[in-house]
Amino acid sequence: MMEILLPETADAQVAITTRAQILDAPEDLRVIIDASAVSVLSTPMVMVLLSAARRTGGLTLQRPSEGLVDGFSTLGLFAEMMKMEMTS
């Protein structure tokens with residue numbers, strides 16, 4: 001298991017860094033994304049999360065914040081977010 005803590009502003013630069021961390025992890029390793037601090041979620045970050053959810057090891061959104069939910073909703077991707085595993 002690998003845990004990644006997203007910052008308050010999950011912008012394009014954070015998406016690039018997060019993507020690299022996920023790609024460096026073994027494919028069968030579950031990735032835990034702590035999204036509790038997110039207030040601003042960029043489109044690139046949403047794309048990274050959606051792609052990572054399809055990993056063999058899977059992806060879990062831990063404590064998804066209102067900002068994270070709003071980011072997915074704004075893009076019309078709330079239903080896709082709800083397909084992801086989430087923990088509080």
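Predicted model: local features only at pLDDT ≥ 70, side-chain atom pairs only at ≥ 80, totals over all residues.
Helix α1 has 13 residues, which at 1.5 Å a residue should span 18 Å, and the 18 Å between its end C-alpha atoms agrees with that expectation. A search of the whole structure finds five salt bridges, among them the pairs Glu27 with Arg55, Asp34 with Arg63 and Arg54 with Glu80.

**Helix α1**

- The buried residues of α1 are Val14, Ala15, Thr18 and Ile22, and because these residues fall within an arc of 100 degrees when seen down the helix axis, they line one face of the helix.
- The cover over the buried residues of α1 includes the strands β1 (2–5), β2 (9–10) and β3, together with helix α2.
- On the other side of the helix, Gln13, Ile16, Leu23 and Asp24 are exposed.
- The N-terminal end of α1 is capped by Asp11, which places a side-chain oxygen 3.2 Å from the backbone nitrogen of Gln13.

**Salt bridge between Glu27 and Arg55**

- Glu27 and Arg55 form a salt bridge in which the closest N and O atoms are 4.0 Å apart, and this pair links distant parts of the chain, with Glu27 in the loop between α1 (12–24) and β3 (31–34) and Arg55, 28 residues apart from it, in the loop between α2 (43–52) and β5.
- Glu27 counts as partly exposed, with a relative accessibility of 43%, whereas Arg55 is buried, with a relative accessible area of 10%.

**Salt bridge between Asp34 and Arg63**

- In the salt bridge between Asp34 and Arg63, the closest N and O atoms are 2.4 Å apart; Asp34 lies in strand β3 and Arg63 in the loop between β5 and α3 (66–74), so the pair ties together parts that are 29 residues apart in sequence.
- Asp34 counts as buried because its relative accessibility is 5%, under the 20% limit, while Arg63, with a relative accessible area of 35%, is partly exposed.

- Arg54 forms a salt bridge with Glu80, with 3.9 Å between the closest N and O atoms; since Arg54 lies in the loop between α2 and β5 and Glu80 in helix α4 (residues 78–82), the pair ties together parts that are 26 residues apart in sequence.
- Arg54 counts as exposed, at 60% relative accessibility, and Glu80 is partly exposed, with a relative accessible area of 27%.

**Thr60 and its surroundings**

- Thr60 is found in strand β5, which covers residues 59–62, and this threonine counts as buried because its relative accessibility is 2%, under the 20% limit.
- The side chains of Thr60 and Glu85 are joined by a polar contact of 3.3 Å.
- When its neighbours within four places in sequence are left aside, Thr60 is in contact with Arg30, Val31, Ile32 and Ile33, as well as with Glu85, Met86 and Thr87.

Definitions and conventions:
Residues numbered from 1 in each chain as written. Heavy atoms only, no water. Helix = DSSP H or I, 4+ residues; strand = E, 2+ residues; numbered from the N terminus. Buried < 20%, exposed > 50% of the residue type's maximum accessible area, 1.4 Å probe, protein only. Polar contact = N/O pair within 3.5 Å; in protein donor to acceptor, adjacent residues only side chain to side chain. Contact = heavy atoms within 4.5 Å. Salt bridge = Lys/Arg side-chain N within 4 Å of Asp/Glu carboxyl O. Expected span 1.5 Å × (residues − 1). Arc of directions from axis to C-beta.
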